[in-house]
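Subject: Structure handover

Hi,

Here is the structure for you to open. My notes on what turned up follow below.

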Amino acid sequence: MGRLVVVSNRVGPMKDTGKAGGLAVALVDALTSSGGLWFGWSGKISEEGTFGPFQQQKTKSVQLVQIDMNQADHDSFYAGYANRTLWPVLHYRLDLAVFDRAFENGYRHVNERFASRLHPLLQQDDFVWVHDYHFMPLAATLRQMEVKVPIGFFLHIPFPAPEVLAALPNAGALIRTMLAYDVIGFQTSRDAANFRRFVVDELGGTKGAGGVVKLQDRQVLVKAYPIGIDAEAFAQFPATPDAQRNSARLAKQLAGRRQIVGVDRIDYTKGLPERFRAFARLLEDYPENQGQVSLMQVAPPSRAELDAYIDIRRELEGLTGHVNSRFSQLDWTPIRFLARAFPRRVLAGIYRSSHVGLVTPLRDGMNLVAKEYVAAQAPEDPGVLVLSRFAGAAEGMPEAISVNPYSDEDVARGLQRALTMPLDERRARWQPMFDRLCREDAKNWSSSFVADLMASRREVGASLTAA
C-alpha cells in the first residue's frame with residue numbers, strides 16, 4: 001500500500017487532546033497505520049497567504065503540512081463561498097445563502113493554489129483523500145497538473161436533492177469538477193443517491209452498477225460511508241476522573257431530578273431555537289415534568305463573525321430567559337444554556353448523567369453526538385436517544401425515538417415517551433445501537449473508504465477538464 005495523503009481545511013491534532021473534532025479523531029488511525037501526509041490550512045492569516053512557506057511537523061510516520069491564507073482569500077473562500085454559500089445550500093437553507101461572484105471566484109482560486117502547493121509533495125504511489133465542502137473542485141485542478149494517483153472525496157455534511165442544489169449558480173460546473181475524483185463518499189445512502197441523481201438529471205450522465213455514475217470518459221464510484229466513533233474507547237470515558245468529578249457535581253445539583261442534554265455548536269442547522277420551544281411545550285403539555293426535568297444545552301460558539309450566528313445566539317439567550325422566567329421554581333431552573341466547549345471526557349460524564357440525549361438538527365450530515373451519547377450510557381441503566389429524522393445518524397440508529405424537529409409537539413411527545421420509558425425497553429433499544437457502533441466504528445469507516453480508493457487505482461486515467 002502506498003502513502004495516504006489527507007487534505008482537509010484544518011490539520012490535526014494527531015493526539016486526542018480531549019477536544020478534537022470527529023474528523024480529526026477518525027483520520028488519525030488511518031494515517032498512523034499507513035504512514036502519510038496531512039495537508040491543509042494552518043488557521044492563520046498572513047500577508048503571504050497560500051504563497052507563504054510550509055509549516056511542517058513530523059509525528060512518527062505522519063507529516064503535517066500547513067499553509068496560511070491572506071485576509072482576502074479567507075474572506076472570499078472560507079467566510080464567503082464555503083460558509084455563506086455552500087454551507088446553507090447544502091443544508092437546504094437557500095434563504096440564507098449569499099450568491100456572490102467574488103466569493104465563487106475566490107473559492108476556485110484558493111482551491112487552485114492549494115492544489116499547486118500540494119502537487120510537488122505527491123509521490124507516484126500515493127492515495128489522496130480530500131475532505132469536505134471546502135475542496136470540492138480540488139481534484140479537477142490536480143488532474144490538470146497531470147496527477148494520476150487515485151483521489152477520493154468525502155463530504156461530511158448533507159448533499160441536497162437536485163432541485164435544491166440547482167438553485168446554486170453554476171452548480172452543474174461545480175459538480176462536473178467533482179467527477180475528477182475516483183471515489184466520492186457521503187454520510188448516508190440518501191445523500192449518495194442525491195448526487196447520482198444530479199449527475200443523471202442535470203448533467204446527462206448515466207448510472208452503472210454498484211453506485212457508479214458515468215459521464216463522458218469518467219466513471220466514478222459514489223457510495224455511502226457512514227462515519228463512526230471509537231465507541232469502545234468512548235464507553236470508558238465516564239469512568240475517568242474528569243468525567244466522574246463532573247458527574248458528581250451534576251448529581252448534587254440535580255438532587256434526584258432528571259436531565260435532558262443537548263450538545264451542539266451554535267449553528268442554524270442544529271435546530272436549537274426549535275429545541276428550546278419543544279422543551280417549553282413538554283412542560284406545558286406534560287406539567288408533571290415541571291420542577292422535575294431540566295434541559296442542559298452545551299453550545300460552543302462557531303463562526304461568530306457571521307450575522308446568522310450572532311442572531312441565533314441572541315435568540316437562544318432570549319428563549320432561555322423567557323422559558324426560565326415562566327417556569328422556574330425556587331430550587332429548579334428549566335434550561336441551563338452553556339455557550340462554551342467541554343473536553344470529550346467531561347461530556348461523557350454529562351451524557352452518562354442525563355436520562356435523555358436530545359439531538360434534533362434540522363439537517364445534519366451525520367451527528368456524532370448521537371453516537372457519543374449512546375456509547376457513554378451505563379448498560380444496566382441506559383438513557384434514551386431522541387433523534388431528528390433529518391440527522392444522518394438516524395439512518396443507522398432505528399432504535400432511537402425519531403422526531404420531526406420542526407414540530408415542537410412531536411419533539412415534546414418524543415421526550416415524554418423517553419422520560420417514561422421502562423427499563424426493559426431502554427435496554428432493548430440501547431444494546432443493538434451500541435453493538436452497531438462498535439462494529440461500524442471510525443476505523444471501519446476509514447478503512448472501507450481507503451479500500452475502495454485503492455481498488456480504483458486501475459481505473460485512474462482520463463483527466464476531467466474543470467468546467
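In α6, A171, G172, I175, R176 and M178 meet F195, F198, V199 and L203 of α7. Contact here means heavy atoms within 4.5 Å. By class, this contact has seven nonpolar, one polar and one charged residues. Ala, Val, Leu, Ile, Met, Phe, Trp, Tyr, Cys and Pro count as nonpolar; Asp, Glu, Lys and Arg count as charged; the others, Gly among them, count as polar.

Before you read on, a word on the source. This is a predicted model, where local features need pLDDT of at least 70 and side-chain atom pairs count only at pLDDT 80 or more, while totals for chains, interfaces and linings use all residues. Residues are numbered from 1 along each chain as its sequence is written, and side-chain values use heavy atoms, with hydrogens and water left out.

Now the geometry of that pair. Two packed helices are described by the angle between their axes and the distance between the axes. Helix α6 covers residues 171-178 and helix α7 covers residues 189-203. Their axes come within 11 Å and cross at roughly 120°. Axes are lines fitted to C-alpha atoms, for helices over the stretch in contact, and angles run from 0 to 180 degrees between N-to-C directions. α6 and α7 are therefore oblique to each other. (Under 35 degrees is roughly parallel, over 145 roughly antiparallel, 65 to 115 roughly perpendicular, and the rest oblique.)

Next, the whole protein. Its secondary structure comes to 16 helices and 16 strands. Helices (H or I, at least four residues) and strands (E, at least two) are DSSP runs, numbered from the N terminus. The C-alpha atoms fill a box of roughly 70 × 45 × 40 Å, taken along the principal axes. Of the 467 residues, 59% are buried. Buried means under 20% relative accessible area, exposed over 50%, and partly exposed in between (1.4 Å probe, protein chains only). Among contacts with a separation of 6 or more, 77% come from residues 24 or more positions apart.

- L64 sits in strand β4 (residues 62-69). L64 counts as buried, at 6% relative accessibility. Its C-alpha atom is 8.8 Å from that of G36, 28 residues apart along the chain.
- Q216 lies in the loop between β9 (212-215) and β10 (218-224). Its phi is near 55°, a positive value in a residue other than glycine. Q216 counts as exposed, at 69% relative accessibility.
- N367 lies in the loop between β14 (356-359) and α13 (368-375). Its phi is near 90°, also positive in a residue other than glycine. N367 is buried, with a relative accessible area of 8%.

Best wishes
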